[in-house]
Amino acid sequence: MPALLPPALELALDLLRCPACRTRRLHPDRGSLRCPAGHAFDIGRQGYVGLLTGARATSGDDAAMVRARERFLAGGGYLPIRQAVAQLAADAVSGHGTVVDSGCGTGHYLAGVLDRLPAARGLGLDSSVRALRSAARAHPRAAAAAWDVFRPFPLADAVADVVLDVFAPRNPAEFRRVLRPGGRLIVVRPTGRHLAELRGRVPGMVTVDPAKERRLHRALHPFFEAAATGQVEYRTFLTGPEALNLLRMTPSARHPGPAAPDGDGVLPDQVTVSVLVTAYRPR
């Protein structure tokens with residue numbers, strides 16, 4: 001039986017364009033979205049649409065990482081980050097608006113923004129099918145689509161009031177293209193102190209590159225200028241399972257060996273959460 005068109009995806013149809021031929025409109029057709037030229041994209045039973053064409057992305061979170069992320073975020077360990085993102089989005093959107101979350105993962109931050117903006121709709125893009133299963137049910141007004149965010153987005157020009165990029169890869173040219181002139185790009189990235197206690201206990205864990213901020217500035221400068229920035233930093237206490245979930249949801253989980261221990265004996269019982277949250281305006 002063909003999958004029904006999820007209400008949130010129906011709300012987002014006017015944003016999408018065919019990734020194969022770039023036609024503006026996609027329409028529902030017996031469990032898929034189809035463009036006027038006949039290209040069709042399946043709607044999964046879990047509610048997301050698969051728009052990826054050609055070679056599939058390989059960098060998305062796997063099932064174990066997604067489960068760990070869901071467990072950790074459900075405990076509120078990153079709640080202040082979610083609140084800071086939602087506040088910046090609320091400052092940028094009045095009334096009805098469209099929020100695109102690039103590299104949305106499980107949809108945790110997009111859902112927080114939509115909770116704050118009762119008249120807005122959202123669309124999350126991610127290459128991880130497992131994460132999209134969660135993102136598609138993260139919020140009644142949040143649609144989800146499988147996409148590699150390094151490629152040109154399957155979206156029309158100037159359709160978003162807010163683009164989110166939370167601990168995710170960046171595609172500045174596409175962020176600028178899909179944002180409306182008065183829109184905002186909200187970027188969250190770790191500082192050098194983020195999870196320092198975890199890195200100190202786990203040999204081989206991925207570290208924060210000290211040149212990360214310079215690279216970010218160089219990448220965004222042709223397209224954006226900073227409009228507001230702030231730092232979210234706090235210490236949070238962890239149970240053993242929470243510490244293990246935190247480790248297993250990080251990029252280090254992709255690396256076997258010491259970066260992904262089987263037990264929690266070496267993990268800290270508290271960590272520093274330290275991120276920069278910046279809203280950028282288009283140039």
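Predicted model: local features only at pLDDT ≥ 70, side-chain atom pairs only at ≥ 80, totals over all residues.

Reader: Which residues of helix α9 are buried?

Author: Helix α9 spans residues 240-248, and Ala243, Leu244, Asn245, Leu246 and Leu247 are buried there. Buried means under 20% relative accessible area, exposed means over 50%, and partly exposed is in between (1.4 Å probe, protein chains only). Helices are DSSP runs of H or I with at least four residues, strands are runs of E with at least two, and both are numbered from the N terminus.

Reader: Why are α2 and α9 called oblique to each other?

Author: Their axes come within 8 Å and cross at roughly 130°. Axes are lines fitted to C-alpha atoms, for helices over the stretch in contact, and angles run from 0 to 180 degrees between N-to-C directions. Under 35 degrees counts as roughly parallel, over 145 as roughly antiparallel, 65 to 115 as roughly perpendicular, and the rest as oblique. Therefore α2 and α9 are oblique.

Reader: Which residues of α2 and α9 meet?

Author: Met65, Ala68, Arg71 and Phe72 in α2 meet Glu242, Asn245, Leu246 and Arg248 in α9. Contact means heavy atoms within 4.5 Å. By class, the residues of this contact are four nonpolar, one polar and three charged. Ala, Val, Leu, Ile, Met, Phe, Trp, Tyr, Cys and Pro count as nonpolar, Asp, Glu, Lys and Arg as charged, and the others, Gly among them, as polar.

Reader: What makes α3 oblique to α4?

Author: The axes of helix α3 (residues 79-92) and helix α4 (residues 108-116) come within 8 Å and cross at roughly 50°. That angle makes α3 oblique to α4. The contact of α3 with α4 has eight nonpolar, three polar and three charged residues.

Reader: Why is the pair of Tyr78 and Phe167 called tilted?

Author: The structure holds three aromatic pairs. In the pair of Tyr78 and Phe167, the distance is 6.0 Å centre to centre, with 35° between the planes. Rings of Phe, Tyr and Trp (its six-membered ring) pair if their centres lie within 6.5 Å; planes under 30 degrees apart count as stacked, over 60 as edge-to-face and the rest as tilted. So the label for Tyr78 and Phe167 is tilted. Phe72, Tyr78 and Phe167 form one aromatic cluster.

Reader: Which parts does this pair tie together?

Author: Tyr78 lies in the loop between α2 and α3, and Phe167 in the loop between β8 (160-166) and α6 (172-178), so the pair ties together parts that are 89 residues apart in sequence.

Notes. Residues numbered from 1 in each chain as written. Heavy atoms only, no water.
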